[in-house]
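Welcome! Take a look at it first, and then we can go through it topic by topic.

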Amino acid sequence: MSALLRLTGRRLLQLPVMILGISLLVFVVMSFSRIDPAINALGEGASVEAREAFRAANGLDDPLLLRYWNFLVGLVQLDLGTFSARQTPVVDEVARAFPITLQLTFLGLIIAVVGALVLGILAALYRDRWPDKAIRIISVGSLATPSFWLAVLLIQAFTLGLGLLPASGPLPAFSEDPGAYLARMALPAFALGVPVVGQLTRVIRTAVVEELDKDYVRTALGAGIPRSVVVGRNVLRNALITPITVLGLRVGYLMGGAVVIEIIFALPGMGTLILNGVTNNEPNLVQGVTLTVAMAFVVINIVVDLLYVLVNPRIRTV
């Protein structure tokens, strides 16, 4: 419990610094945009007076530091501001889009973990034999495959070529139509998870091989305990501690990659939202998306730390 509290406290202490850094960076970068939010909101035909009134009402004429301060004050009050001429609250748009990004990240994570476990364990059990060499080629290939390039290949093969899975269109709710939901999310989740399979496979293989070489494994096998029991009950439980810590960093990669994959597959998640914010020079919208993703990354790492602390005391030898 004390180890968990230390890890959680360390993450929480990093959170304010991260929020300040990200928000300031976004404000500075967005200030160089040549796009006028007043024209985007009111249209090209809006009068000069209407544009000036819009800028004054939304604080766009204020100095950058004052606008940044006002944003921080609103953030403390859990108010991310509004965007567009309709004054749509950023919180409402983030609340609508963020669950879709989380769902895509979760599905990609399942594909990555299941694929890496199967390949990594097989490679370790058959090390230096042909299954290990074949899996090594597969893992290197997946490592060298960018998710966005794989997404284009999947669209060419399964959507345009075979016509099996959709690459665009509405996303039905899982509770209403599970089949249509999984069909719509299959290609983006696969494109997101495959590059991570290669990374985790090598980590799992190395961890399992190191565990198989330990004395307690040879002692257990010499005592007549079946190999499957030793591997399943002791080796895997001990070996998977290291991959769990690596998994926390990979979840952040998956969430960041999901933003790009959503744009390719036209999913109404955080990727589409941030693209609209950058295109229309909406700093509040970009701030809301980036900060939400960053805070989600911290929370996920806290959960991974919890798993690490819970698994550690259960390390046993035969």
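Which residues of α10 are buried? They are Val230, Val231, Asn234, Val235, Leu236, Asn238 and Ala239. Please keep in mind that this is a predicted model.

**Helix α10**
- Helix α10 covers residues 227–239, and its end C-alpha atoms are only 15 Å apart.
- A straight helix of 13 residues would span 18 Å, at 1.5 Å a residue.

**The nonpolar cores**
- The largest nonpolar core has 45 residues, and Leu104, Val208, Val235, Ile261 and Phe265 touch the most other members.
- Two or more residues of this core come from each of α5 (90–125), α7 (147–161), α8 (178–212), α9 (215–222), α10 and α11 (241–264).
- The largest share belongs to α8, which gives 15 residues.
- Another core lies apart from this one; it has 28 residues, among them Val26, Ile274, Val289 and Ile302.

**A look at Ile261**
- Beyond its neighbours within four places in sequence, Ile261 is in contact with Leu104, Ser147, Phe148, Ala151, Pro188, Ala191 and Leu192.

**The largest pocket**
- The volume of the largest pocket is about 430 Å³.
- It is lined by 22 residues, and Asn58, Gly59, Gly81, Thr82 and Asn284 are the closest to its centre.
- At least two lining residues come from each of α4 (64–76), β1 (82–83) and α13 (283–311), and α4 gives the most, with four.
- Sorted by class, the lining holds eight nonpolar, ten polar and four charged residues.

Notes
Residues numbered from 1 in each chain as written. Predicted model: local features only at pLDDT ≥ 70, side-chain atom pairs only at ≥ 80, totals over all residues. Heavy atoms only, no water. Expected span 1.5 Å × (residues − 1). Buried < 20%, exposed > 50% of the residue type's maximum accessible area, 1.4 Å probe, protein only. Core = buried A, V, L, I, M, F, W, Y, C linked by side-chain atoms within 4.5 Å. Contact = heavy atoms within 4.5 Å. 1 Å grid on protein atoms, 1.4 Å probe; cavity = no way out; pocket = protein on both sides within 12 Å on 5 of 7 lines; lining within 4 Å. Points joined across faces, edges and corners; volume = space filled by probe spheres on them. Nonpolar A, V, L, I, M, F, W, Y, C, P; charged D, E, K, R; others polar.
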